[in-house]
Amino acid sequence: TQTWLSKNNEDIKIDSLILTNEETDTLPLIQELKFEKKISSSGNYNYFSINLFSGFDKNPFIADERFSDIFFGANQQYIMTSNFEIPANCKFDELPKNIKMIMPDTSIVFSRVSSVTDNLLSTRMTLQFNQPFYSYADYDYFKEFYKKMFELMNEQFVFQKK
């Protein structure tokens with residue numbers, strides 16, 4: 001096992017890490033890891049964000065104005081699937097809603113889907129950039145989309161003892 005500090009300065013103990021397609025750039029990179037993490041709590045409630053290893057930690061588009069275009073270099077797609085197991089004597093409260101957000105021009109699509117079976121939470125977040133270039137003239141739409149997307153990515157999942 002290995003212990004490391006995440007970007008949010010929270011201890012995470014990684015039990016195993018398996019990388020698939022690391023050497024093949026035409027296939028998606030798959031990272032499978034098993035970990036333990038200390039979570040936040042308040043009273044009888046425990047909560048955590050599923051946005052742990054996505055690489056989308058901090059919204060880079062917070063400036064009120066932009067004077068240059070946004071260029072990602074290519075269309076991109078990120079699919080983040082996760083399974084989180086809570087103790088058997090606990091249960092999830094109401095889950096954050098499944099959601100799909102689409103930019104008005106359909107150039108960016110974000111979705112989050114989650115479900116619970118017993119004490120296992122399964123989630124899937126998908127982010128698609130359907131064009132590599134975004135004009136600074138459309139920055140207001142882009143900025144608002146990113147703001148809402150980061151709120152949704154970091155929404156808390158809550159559980160408590162049965």
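User: Before reading any feature, what do the numbering and the values rest on?

Analyst: Residues are numbered from 1 along each chain as its sequence is written, and side-chain values use heavy atoms, with hydrogens and water left out. The model is predicted, and local features need pLDDT of at least 70 while side-chain atom pairs count only at pLDDT 80 or more, whereas totals for chains, interfaces and linings use all residues.

User: How many salt bridges does a search of the whole structure find?

Analyst: Side chains of opposite charge can pair when their charged atoms come close. A salt bridge is taken here as a side-chain nitrogen of Lys or Arg within 4 Å of a carboxyl oxygen of Asp or Glu, and the search of the whole structure finds two. One joins the side chains of Lys143 and Asp64 at 3.2 Å, N to O; this pair links distant parts of the chain, with Lys143 in helix H1 (residues 139-153) and Asp64 in the loop between strand E5 (45-49) and E6, 79 residues apart. Helices (H or I, at least four residues) and strands (E, at least two) are DSSP runs, numbered from the N terminus.

User: Which parts of the chain does the salt bridge of Arg112 and Glu155 tie together?

Analyst: The side chains of Arg112 and Glu155 meet at 2.9 Å, N to O. Arg112 lies in strand E10 (residues 108-117) and Glu155 in the loop between H1 and strand E13 (156-161), so the pair ties together parts 43 residues apart in sequence.

User: Are Arg112 and Glu155 buried, partly exposed or exposed?

Analyst: Buried means under 20% relative accessible area, exposed over 50%, and partly exposed in between (1.4 Å probe, protein chains only). Arg112 is buried, with a relative accessible area of 1%, whereas Glu155 counts as partly exposed at 29%. In the other pair, Lys143 is buried at 17%, while Asp64 counts as exposed at 64%.

User: How much space lies in the largest pocket, and which strand gives the most to its lining?

Analyst: On a 1 Å grid over the protein atoms alone, a pocket is an open set of points where a 1.4 Å probe fits, with protein on both sides within 12 Å along at least five of seven lines, and lining residues have an atom within 4 Å of a point. About 1300 Å³ of space lies in the largest pocket; of the 34 residues that line it, the closest to its centre are Gln31, Leu33, Phe53, Thr81 and Ser82. Strand E7 (76-85) gives the most to the lining, with nine residues.

Definitions and conventions. Points joined across faces, edges and corners; volume = space filled by probe spheres on them.
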